[in-house]
Amino acid sequence: MTALELLTRDYLGNFAFRWLHVLAGITWIGLLYYFNFVQVPALAAYGDEGKARNMAINQIARRALWWFRWASVATLVTGILITGLVKGYFKDFMSADNGNGIGHNVAISIGMVLGITMAANVWMVIWKNQKVVLANAVNVLDGKEADPNAAGSGRKALLASRQNMVFSVSMLFFMIGAGHFYSGAFESATSSNAWTFFIIAIVIAAILEINCLGLIGGPKAGNKMLWPYESHKNAIITSFVLWLILWLASEILLA
Ligand code: HEM
């Protein structure tokens, strides 16, 4: 191995970017949990039009959203850099012969798909809609008329945020599991076992994602399909049910 390969694989890929990745990841997911468990219930307690609520949105949510969305970018970029700098990371990916093992490969693939979907939700749904909510809070504080679309935008952001909360439990399990629980396990699993498990996991995640976007029955309250997102308690239950299904599927399909 050349000195350059050693530097990129061991010091940048395996050490620096892995460490920065976990730091960025906890910042992102920590703020996701703050939004879900603290800010949303607290703002709901202020009522719909209260001045205190709009001030909190303008001063607190605006700052929290800045750190939240840039931490998601830092997590995504450092995660992808790990795969880019560790030579041969994707070589013969779903095969036992690439040095990492099938268990590791399928686990990190699922973790990455969930993480990338979550990052897309942050920028394409949550931030897009929160910009409307933030602008409305400033307008109302300035004595201008409230935007009638603000409540609908807030609802769309909330659904995606609770879906990210649901994905986060399984995402982190497979992210850490790749190097620790799945690595070296399931040595008799074949490439087709791994693909079957991967495709089942992706189909379940895609159905949940389509649902949180309100594409099955609309985003309004009263749509029973949106039960997982109607409270943070429901989202916590759903996140562990999803994790249980995926974990059992891995045990059954890869064994
Ligand atoms: C956004 C998309 C993400 C991508 C593309 C990504 C990618 C990766 C990659 C490639 C690895 C290395 C796995 C290996 O050892 O081969 C990894 C590990 C890890 N990631 Fe992510 N990740 C993402 C999101 C997250 C998030 C949101 C967190 C939350 C904290 C996170 C936490 C971790 C942890 C804890 C490890 C394990 C480090 C270790 O045990 O060595 N990742 N990730």
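Predicted model: local features only at pLDDT ≥ 70, side-chain atom pairs only at ≥ 80, totals over all residues.
Local features need pLDDT of at least 70, side-chain atom pairs count only at pLDDT 80 or more, and totals for chains, interfaces and linings use all residues. Residues are numbered from 1 along each chain as its sequence is written, and side-chain values use heavy atoms, without hydrogens and water.

The fold has six helices and zero strands. From the N terminus the order is α-α-α-α-α-α. Helices are DSSP runs of H or I with at least four residues; strands are runs of E with at least two. The C-alpha trace spans about 65 × 45 × 25 Å along its principal axes.

Now the surface. Of the 255 residues, 44% count as buried (under 20% relative accessible area; exposed is over 50%, partly exposed in between; 1.4 Å probe, protein chains only). The accessible surface is about 13,200 Å², with 69% from carbon and sulfur atoms. Areas come from the Shrake-Rupley method with a 1.4 Å probe.

One nonpolar surface patch comprises Trp195, Ile199, Val203, Ile207, Ile210, Leu213, Leu215, Ile216 and Met225. Patch members have over 30% relative accessible area and no salt bridge, and nonpolar side chains are joined within 5 Å. A salt bridge puts a side-chain nitrogen of Lys or Arg within 4 Å of a carboxyl oxygen of Asp or Glu. Ile207 lies in helix α5, residues 191-212. Its relative accessible area is 47%, so Ile207 is partly exposed.

Methods
Patch = residues over 30% accessible without salt bridge, like charges linked within 9 Å, V, L, I, M, F, W, Y side chains within 5 Å.
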